[in-house]
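This report goes through selected local features of one model. Please keep the sequence and the structure in view while reading.

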Amino acid sequence: MRGLLADQLGAVKIVCSGTNLVPSGLGFNNIAHQVCTLAGELLSQLIVRSADYLLQYMQVYVEDKWRRYYVVVIGFWLLFVAPSAVTSEYIEYDIMAGSAIVSKHQKTEVEPPTEDL
């Protein structure tokens with residue numbers, strides 16, 4: 001879940017508006033006197049970087065999203081590729097075993113028998 005959030009929201013900018021600004025309502029138009037209530041906000045700014053939001057609200061570091069991918073790739077290699085390579089070195093396959101033949105055999109023309117037999 002954290003990797004998905006970091007990947008999808010890593011470069012998004014969230015605009016503070018409406019009920020996210022305090023005080024809000026009629027007559028409150030000056031951003032210098034309002035505060036954004038979203039996590040990750042900076043004073044006197046209407047835009048919140050999603051990386052700051054994820055860090056403060058969910059403790060998700062956007063920079064760490066690639067580390068999770070490396071763990072998956074190395075884990076796949078250790079659990080599937082390495083054992084497959086090792087076992088293929090020690091298992092002897094039967095000469096008739098293997099994949100099915102998928103090519104069509106060509107028909108050879110048969111000569112009619114001669115009467116000299």
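A disulfide is taken here as a pair of cysteine sulfur atoms within 2.5 Å. The model is predicted, so local features need pLDDT of at least 70 and side-chain atom pairs count only at pLDDT 80 or more, while totals for chains, interfaces and linings use all residues. Residues are numbered from 1 along each chain as its sequence is written, and side-chain values use heavy atoms, with hydrogens and water left out.

**Disulfide**

The search of the whole structure returns 1 disulfide. It joins Cys16 to Cys36, with an S to S distance of 1.6 Å. The torsion about the S-S bond of Cys16 and Cys36 is about 60 degrees, so the disulfide is right-handed. Cys16 lies in the loop between strand 1 (13-15) and strand 2, and Cys36 lies in strand 3, so the pair ties together parts that are 20 residues apart in sequence. Helices (H or I, at least four residues) and strands (E, at least two) are DSSP runs numbered from the N terminus.

**Accessibility of selected residues**

Buried means under 20% relative accessible area, exposed means over 50%, and partly exposed is in between (1.4 Å probe, protein chains only). The table applies these classes to residues discussed in this report.

| Residue | Relative accessible area | Class |
|---|---|---|
| Cys16 | 3% | buried |
| Cys36 | 6% | buried |
| Gln34 | 8% | buried |
| Ser50 | 2% | buried |
| Asp52 | 21% | partly exposed |
| Arg49 | 46% | partly exposed |
| Leu78 | 51% | exposed |

Gln34 is placed in the loop between strand 2 (21-22) and strand 3 (35-36), and Pro23 is found in the loop between strand 2 and strand 3. A polar atom of the Gln34 side chain lies 2.8 Å from the backbone oxygen of Pro23. A polar contact is a pair of N or O atoms within 3.5 Å; within protein, one must be able to donate a hydrogen and the other to accept it, and residues adjacent in sequence count only if both atoms are side-chain atoms. Not counting residues up to four places away in sequence, Gln34 touches Leu21, Val22, Pro23, Ser24, Phe28 and Asn29, where contact means heavy atoms within 4.5 Å. The peptide bond that joins Val22 and Pro23 is cis, with omega at about -10 degrees. Most peptide bonds are trans.

Which backbone oxygen does the side chain of Ser50 reach? The oxygen is that of Val12, at 2.8 Å. Ser50 lies in helix 2 (residues 50-58). With residues up to four places away in sequence left out, Ser50 touches Leu9, Gly10, Ala11, Val12 and Ile14. The C-alpha atoms of Ser50 and Gly40 are 7.8 Å apart, for a separation of 10 residues in sequence.

A salt bridge is a side-chain nitrogen of Lys or Arg within 4 Å of a carboxyl oxygen of Asp or Glu. The whole structure contains 1 salt bridge by this search. Arg49 forms a salt bridge with Asp52, and their closest N and O atoms are 3.5 Å apart.

**Nonpolar surface patch**

Trp66, Tyr69, Tyr70, Ile74, Trp77, Leu78 and Leu79 form a nonpolar patch on the surface, with about 870 Å² of accessible area together. Leu78 is placed in helix 3 (residues 65-90). Patches are made of residues with over 30% relative accessible area and no salt bridge; like charges are joined within 9 Å and nonpolar side chains (Val, Leu, Ile, Met, Phe, Trp, Tyr) within 5 Å. Accessible areas come from the Shrake-Rupley method with a 1.4 Å probe, and for residues only the protein chains shown count as cover.
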